[in-house]
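Please work through the following exercises on nonpolar packing and aromatic geometry.

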Amino acid sequence: TDDPLNPDRDATQFVTQRMLMRQEVDWASTYFTTGVWATDVVGGTDFTKWNNYTSSDPIEDMETGKAAILNSTGYLPNTLVLTHDSMRQLRSHPDVVDRIKYTSANVPTEGTLASLFGVDRVLTARAIKNSGAEGAADSMAAVHGKNAALYYVAPTPGVLTPSAGYQFAWDGVSDGQGSTVGISRFRLPELRADRIEAQMAWDFQAVSTDLGYFFSNCVA
């Protein structure tokens with residue numbers, strides 16, 4: 001191939017992206033779903049969905065979740081994970097806008113929401129997966145749905161350190177890279193082509209379910 005085409009680079013980026021998407025889907029099915037954490041609350045049943053700007057109170061909902069974790073474990077959650085849809089509704093929610101209008105003229109950001117909700121960080125999950133079969137019509141959907149979750153995540157992992165969950169990795173696979181993507185390139189003489197493969201090794205485990213609080217269907 002001629003410049004600027006680079007098939008090896010493009011193939012490496014492609015398989016790496018697919019591997020990271022697989023890992024993201026696994027994370028969502030392990031951590032970001034119902035039936036995992038000590039407390040599951042459902043929008044429209046246990047609390048008012050946050051797109052209902054008249055009746056919902058997301059700030060109090062967060063305080064309720066934080067109190068539930070604190071009272072059962074002694075730890076305050078330090079991480080809030082939002083989906084794109086839940087983040088979009090919270091950024092425009094009148095209660096949120098009213099709380100920050102005297103301190104910031106900007107649209108609420110993840111940092112602003114972290115300060116408002118009293119957590120160290122807010123993360124927004126925006127992964128989109130195409131579940132359509134190869135050659136068929138695309139079937140695009142958000143990996144993480146319309147949910148949110150509070151977690152206590154240990155700043156420094158340790159055997160005796162509580163945390164909502166851990167990502168375990170080990171050597172001997174992924175070319176000894178553990179959770180890092182290991183890339184292999186080898187020749188297929190019969191096809192007169194090079195093959196690019198990727199490997200990763202991980203295992204997501206919810207190790208302390210009392211340190212998580214899950215909001216399902218928090219927006220319409």
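The exercises below treat the core and then the aromatic rings.

The model is predicted: local features need pLDDT of at least 70, side-chain atom pairs count only at pLDDT 80 or more, and totals for chains, interfaces and linings use all residues. Residues are numbered from 1 along each chain as its sequence is written, and side-chain values use heavy atoms, with hydrogens and water left out.

**Exercise 1.** Determine how many residues the largest nonpolar core has and which element gives the largest share.

*Solution.* A nonpolar core is a set of buried Ala, Val, Leu, Ile, Met, Phe, Trp, Tyr and Cys residues joined through side-chain atoms within 4.5 Å. Buried means under 20% relative accessible area, exposed over 50%, and partly exposed in between (1.4 Å probe, protein chains only). The largest such core has 43 residues. Its largest share, five residues, comes from α1; helices (H or I, at least four residues) and strands (E, at least two) are DSSP runs numbered from the N terminus.

**Exercise 2.** Classify the ring pairs Phe-32 with Phe-214 and Phe-47 with Trp-50.

*Solution.* Rings of Phe, Tyr and Trp (its six-membered ring) pair if their centres lie within 6.5 Å; planes under 30 degrees apart count as stacked, over 60 as edge-to-face and the rest as tilted. For Phe-32 and Phe-214, the centres are 5.3 Å apart and the planes stand at 90 degrees, so the pair is edge-to-face. These two residues are 182 residues apart, and both are buried. Phe-47 and Trp-50, at 5.8 Å and 40 degrees, form a tilted pair. Relative accessibility is 7% for Phe-47 and 0% for Trp-50.
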